[in-house]
Amino acid sequence: MTATYPFSAVVGMEDLKLALLLNAVSPRVGGVLVRGEKGTAKSTVVRALAAQLPQVAVVAGCRFACDPAEPDPDCPDGPHEPGEPRASRPAALVELPVGASEDRLVGSLDVERALTEGVKAFEPGLLASAHRGVLYVDEVNLLHDHLVDLLLDAAALGRCYVERETVSVRHAARFLLVGTMNPEEGELRPQLLDRFGLTVEVKASREPSERAEVVRRRLAFDADPAGFVARWVSAESELAARIAAARARVPSVELPDERLEQIATVCAGFEVDGLRADIVTANAAIAHAAWHGREVVTTEDVRAAARLALPHRRRRDPFDAPGMDESRLDDLLGPDNNPDDDPDDDPGAGPPQGKGPQDPGGPQEQATPQAEDRPGDADVDKPSGESVAKAAEPYKVGLLKVPGVGEGVAGRRSRGRTAQGKAIGARKPRDRMRDLHLSATILAAAPYQKERGRQGPGLLLKQDDLRETIREGREGNLVLFVVDASGSMAARKRMTAVKTAVLSLLLDAYQRRDKIGLVTFRGATAEVTLPPTSSVEAGAARLRQLPTGGRTPLAAGLVRAAEVLRVERLRDPSRRPLLVLVTDGRATSGGDVARAATLLRGTASVVVDCESGPVRLGLAVQLAARLDAPAVRLEELGTVVRDYRKAG
């Protein structure tokens with residue numbers, strides 16, 4: 001058996017450890033979303049905590065981990081009678097891969113047995129496996145929204161519902177939900193962020209001594225896992241005992257009206273939407289008090305809970321970064337709040353803070369980005385005649401879509417055959433059956449019933465009879481922005497209008513679940529300012545910082561765009577691209593524009609014409625004709641709705 005890195009041996013990351021422990025103490029907190037850069041040991045900490053959770057008693061042989069003392073009355077393996085054999089096992093740690101299907105998550109029916117034998121042959125999914133344990137979702141921001149919705153619904157309700165062709169199955173699904181994500185790869189929608197109870201920002205320490213200690217311990221663990229774990233047995237045993245004691249204490253912890261008023265004041269003061277924040281903060285404060293051995297919730301418990309429950313609920317648009325002003329939090333908590341008080345002065349709080357890494361109770365300061373500090377939000381002079389123009393508030397743009405029908409990932413832009421959408425036909429399954437088309441299956445089997453020896457009721461099916469549903473909905477695309485950042489764009493404050501337009505298109509791409517990329521050209525060359533990514537926030541940040549100045553290497557921009565699209569077609573062939581070229585059509589350096597344009601013929605494109613003034617040369621319109629693409633004037637971008645056609 002592979003050794004698990006001890007939770008008590010994890011250095012730093014106090015907020016993350018506290019958030020996980022609060023959920024281990026009280027599942028009502030609602031899970032943890034861990035946001036952080038790669039290589040920060042997020043998954044190591046999650047697996048370490050799972051190993052410390054108390055063992056669970058289960059009905060022997062039950063695939064749904066029913067508690068013998070209180071079995072689930074809806075359990076598909078039930079009903080379970082009193083006195084049935086029981087077993088004890090560690091709390092499960094179940095990992096949900098990014099590429100998982102809906103059937104893998106919630107479970108599926110054996111369709112062939114259901115039709116031929118008339119039985120509910122249900123194969124449990126990962127939600128059943130995670131019941132009474134931990135469900136870990138790495139890169140949760142890369143899961144399709146439909147799966148995230150199912151996951152969070154089950155976490156909130158504590159039950160999983162499966163509906164397949166008139167057959168209904170339901171079972172208990174209560175688990176500690178932990179999701180991790182790298183914000184550089186894209187954000188979760190605010191509606192989904194709100195469904196996670198707590199959120200934590202994780203960054204690698206910049207302290208050399210702490211980084212050295214992390215490496216020292218990791219090397220020791222890799223060299224002798226068993227020996228390293230043995231050195232932490234005592235601390236791990238104390239941690240497991242403290243979790244169990246805190247769990248038992250939760251029902252008796254009192255939340256006074258005064259503390260409840262504090263919670264409501266804080267949530268209202270930060271203008272969070274809805275009441276979920278209030279409920280989560282209350283449950284987290286109760287868990288925090290239980291963790292520290294207190295019978296009554298204090299202001300310090302409320303403060304610790306609010307720091308973890310509110311930052312991700314304060315986003316007002318997709319370009320806002322999570323965060324909160326902790327001085328504002330202290331003001332809202334009132335004059336009796338003192339964040340420097342040591343909560344472990346309470347004699348029932350267990351080991352004092354700082355005595356071991358098993359007690360991450362102390363708050364950590366989080367830097368809160370202020371809108372006025374964001375680069376690119378004001379005109380800034382740069383050397384050599386360059387400048388950085390500000391962008392105005394984004395506006396709603398018309399729908400730009402790729403013609404035809406694709407087979408990319410589900411989204412909200414172009415027509416596509418995806419797992420969601422309207423049924424338009426049936427076909428033989430290409431691999432595993434995922435969405436049975438019942439009438440087509442019956443029609444395929446009907447002509448062979450006599451030949452197969454059917455005597456009475458019931459349909460005789462073979463694997464070759466099965467048909468799956470073809471659905472047509474909307475797909476997400478790769479929207480590649482190619483932006484002219486030369487000196488000509490700085491005239492008449494034109495770059496402010498350009499940045500605002502591109503920012504509006506970025507917001508539209510976020511709402512339509514697209515990947516985006518950004519190529520800019522100015523001076524003598526073109527560069528990939530942002531490689532294709534799902535992080536629209538990164539695109540907005542790069543756009544705000546984009547300087548203008550120099551000559552106009554238009555051909556170089558087209559060549560670089562063609563190269564980006566060539567690489568992306570190899571990497572993700574099912575995602576169709578849409579090229580958005582933002583230019584006035586002028587070219588003062590960088591090669592032959594007509595020749596470069598031939599590299600992009602056949603790519604769905606639109607040219608946003610930035611030329612302004614009473615006299616227009618029409619160069620952008622001529623370029624659009626070379627690309628076999630329409631030209632849209634910058635000021636008309638908010639009204640256009642059309643398909644952008646490929647060549648031929």
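D508 and R413 form a salt bridge in this predicted model, with their closest N and O atoms 3.0 Å apart. Are the two partners buried or exposed? D508 has a relative accessible area of 5%, which is under the 20% cut-off, so D508 counts as buried. R413 is buried as well, at 3% relative accessibility.

**Other salt bridges**

The structure holds 33 salt bridges. Side chains of opposite charge can pair when their charged atoms come close. One of the pairs joins R195 and D153, whose closest N and O atoms are 2.7 Å apart. This pair links distant parts of the chain: R195 sits in the loop between α7 (190-193) and β11 (198-202), while D153 is in helix α6 (residues 145-157), and the two are 42 residues apart. R195 is partly exposed, with a relative accessible area of 22%, and D153 is also partly exposed, at 35%.

R218 is partly exposed at 35% relative accessibility, and D222 is partly exposed at 46%.

| Pair | N to O distance | Relative accessible areas |
|---|---|---|
| D508 and R413 | 3.0 Å | D508 5%, R413 3% |
| R195 and D153 | 2.7 Å | R195 22%, D153 35% |

Strand β21 covers residues 605-609, and five of its five residues are buried. Which residues lie on each face of β21? S605, V607 and D609 are on one side, V606 and V608 are on the other, and all of them are buried.

Strand β20 (residues 577-583) pairs with β21 in the parallel sense over five bridges. Within this pairing, V580 has V606 of β21 as its bridge partner. Between β20 and β21 the chain passes through helix α19 (residues 593-598), and this β-α-β crossover is right-handed. β21 also pairs with strand β22 (residues 631-633), again in the parallel sense, over three bridges. In that pairing, D609 stands opposite R633 of β22.

**Helix α18**

Helix α18 (residues 554-571) has 18 residues. From its first C-alpha to its last it reaches 26 Å, close to the 26 Å expected at 1.5 Å a residue. Its buried residues include L554, A555, L558, V564, L565 and E568. Among the elements that cover the buried residues of α18 are strands β17 (478-484), β18 (515-522), β19 (525-533) and β20, together with helices α19 and α20 (619-626).

**The whole chain**

The protein chain contains 20 helices and 23 strands. Of its 648 residues, 51% count as buried. Its accessible surface comes to about 29,400 Å², and 51% of that surface belongs to carbon and sulfur atoms. Among contacts between residues at least 6 apart in sequence, 78% join residues at least 24 apart.

Terms used: Residues are numbered from 1 along each chain as its sequence is written. This is a predicted model: local features need pLDDT of at least 70, side-chain atom pairs count only at pLDDT 80 or more; totals for chains, interfaces and linings use all residues. Side-chain values use heavy atoms; hydrogens and water are left out. Buried means under 20% relative accessible area, exposed over 50%, partly exposed in between (1.4 Å probe, protein chains only). Helices (H or I, at least four residues) and strands (E, at least two) are DSSP runs, numbered from the N terminus. Two strands pair if DSSP finds at least two bridges between them. A crossover is right-handed if, with the strands pointing away from the viewer, the path from the first strand over the helix to the second runs clockwise. The expected span of a helix is 1.5 Å times one less than its number of residues. Contact means heavy atoms within 4.5 Å. Accessible areas come from the Shrake-Rupley method with a 1.4 Å probe; for residues, only the protein chains shown count as cover. A salt bridge is a side-chain nitrogen of Lys or Arg within 4 Å of a carboxyl oxygen of Asp or Glu.
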